[in-house]
Amino acid sequence: AFFDFSVIGDGNDNLHLVCQDMDGSILYLSYHHAQWHKYTLLKSKTQGAYAKHFKLLLTGTQLQLFYTIRSNQKLLLVHQLLGSPDDPTVVGVVHDSLRPFFALCDDYQNAYVYYQNAEGALGYRCYEWSKKAFGEFCGTGILGAESPFAYLDSFGRHHITAVARGGGLIYLQRSLEGEFCKAATIGADADAPIYLPIILNDENKLWLLWRQGIAVYYARSSDDAESFSVPSRFVSTGAAPQLYLF
């Protein structure tokens, strides 16, 4: 298999995994009753694998899959309901980056997918579970931000971070009313590129973490994103770090 994959557990001791073989065909593998079962979701026509950035979401008992495919020199974001007779849906054209999009679900089984669109605007589209359809693209007012990541807190607010155009990070907060009510820019050394920022919450603190050069940095907020600390560097081992989220 190619290195690109997404895996999720459903709470009933079953595993669901989407990956691709070395020819680029998209495979769905499920593990239940102590056996693996394999299905081909999309047969490759190009006979070559490339990163498709798979993201599996579980809404109730329904598996939703997001991924990207290249077509006519464009990167298309695709949405598919696994096991459904409906054809995959193109959500939109996205900007190519290490993480072209990020998807998450709320408590009402609605799926939100954040990305930079063809016009360079950072925003999202929402797949409303009650309607089984996507709404219109909602922009954040930010241009040129890439590799978005979003976190849903216990109140239902979205906390979004992305790599800002020209260096540094941006932070945005989406309120329960759907407005982007808070925004901040976290500066960083422009000489070292920033990779794949993430945002976490722990003990009423927000943490931004990212890879920069051969080190991992963080900035935290103790006042609900009214302000962030000066970026600090974790101890470096001298090797290229990998950032994981649990």
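Author: Let's start with a charge and a ring: the charged end of K52 sits over the ring of Y50, at 4.1 Å from the ring's centre. This is a predicted model, so please read each value here as computed from that prediction. A second example involves K132, whose charged end sits over the ring of W129, 4.1 Å from its centre.

Together with F66, F101, Y127 and F134, W129 forms one aromatic cluster.

Across the whole structure, a search finds 17 aromatic pairs. One of them joins Y115 and F137: the ring centres are 5.3 Å apart, and with 55° between the planes the pair is tilted. Y115 belongs to strand β10 (residues 111-116), while F137 is in the loop between β12 (133-134) and β13 (138-143). The pair therefore ties together parts that are 22 residues apart in sequence.

Y218 and F234 give us another pair to look at. Their ring centres lie 4.8 Å apart and their planes are at 40°, so this pair is tilted. Y218 is in strand β20 (residues 215-221) and F234 is in the segment after β21 (232-233), so the pair ties together parts 16 residues apart in sequence. Y218 is buried because its relative accessibility of 16% is under the 20% limit. F234, with a relative accessible area of 38%, is partly exposed.

For one last stop, let's turn to a sheet. This open sheet has four strands in the order β1-β2-β3-β4, paired in the antiparallel sense. Its edges are β1 (5-9) and β4 (35-42), each of which pairs on one side only. On average, and ignoring direction, neighbouring strands of the sheet are turned by 15° against each other.

You can follow the sheet strand by strand. Five bridges join β1 and β2, which pair antiparallel, and F5 has C19 in β2 as its bridge partner. These strands form a hairpin with five residues between them, where G11 takes a positive phi near 85°.

Next, β2 (residues 15-20) runs antiparallel to β3 (residues 26-32), with six bridges joining the two. Here C19 stands opposite L27 in β3, and the bridge partner of Q20 in β3 is I26. This hairpin has five residues between its strands, and G24 in the turn has a positive phi of about 100°. As for β2 itself, five of its six residues are buried, so the strand is largely enclosed by the rest of the structure.

Methods:
Residues are numbered from 1 along each chain as its sequence is written. This is a predicted model: local features need pLDDT of at least 70, side-chain atom pairs count only at pLDDT 80 or more; totals for chains, interfaces and linings use all residues. Side-chain values use heavy atoms; hydrogens and water are left out. Rings of Phe, Tyr and Trp (its six-membered ring) pair if their centres lie within 6.5 Å; planes under 30 degrees apart count as stacked, over 60 as edge-to-face and the rest as tilted. Buried means under 20% relative accessible area, exposed over 50%, partly exposed in between (1.4 Å probe, protein chains only). A charge sits over a ring if NZ of Lys or CZ of Arg is within 6 Å of the ring centre and within 35 degrees of the ring normal. Two strands pair if DSSP finds at least two bridges between them. Axes are lines fitted to C-alpha atoms, for helices over the stretch in contact, and angles run from 0 to 180 degrees between N-to-C directions.
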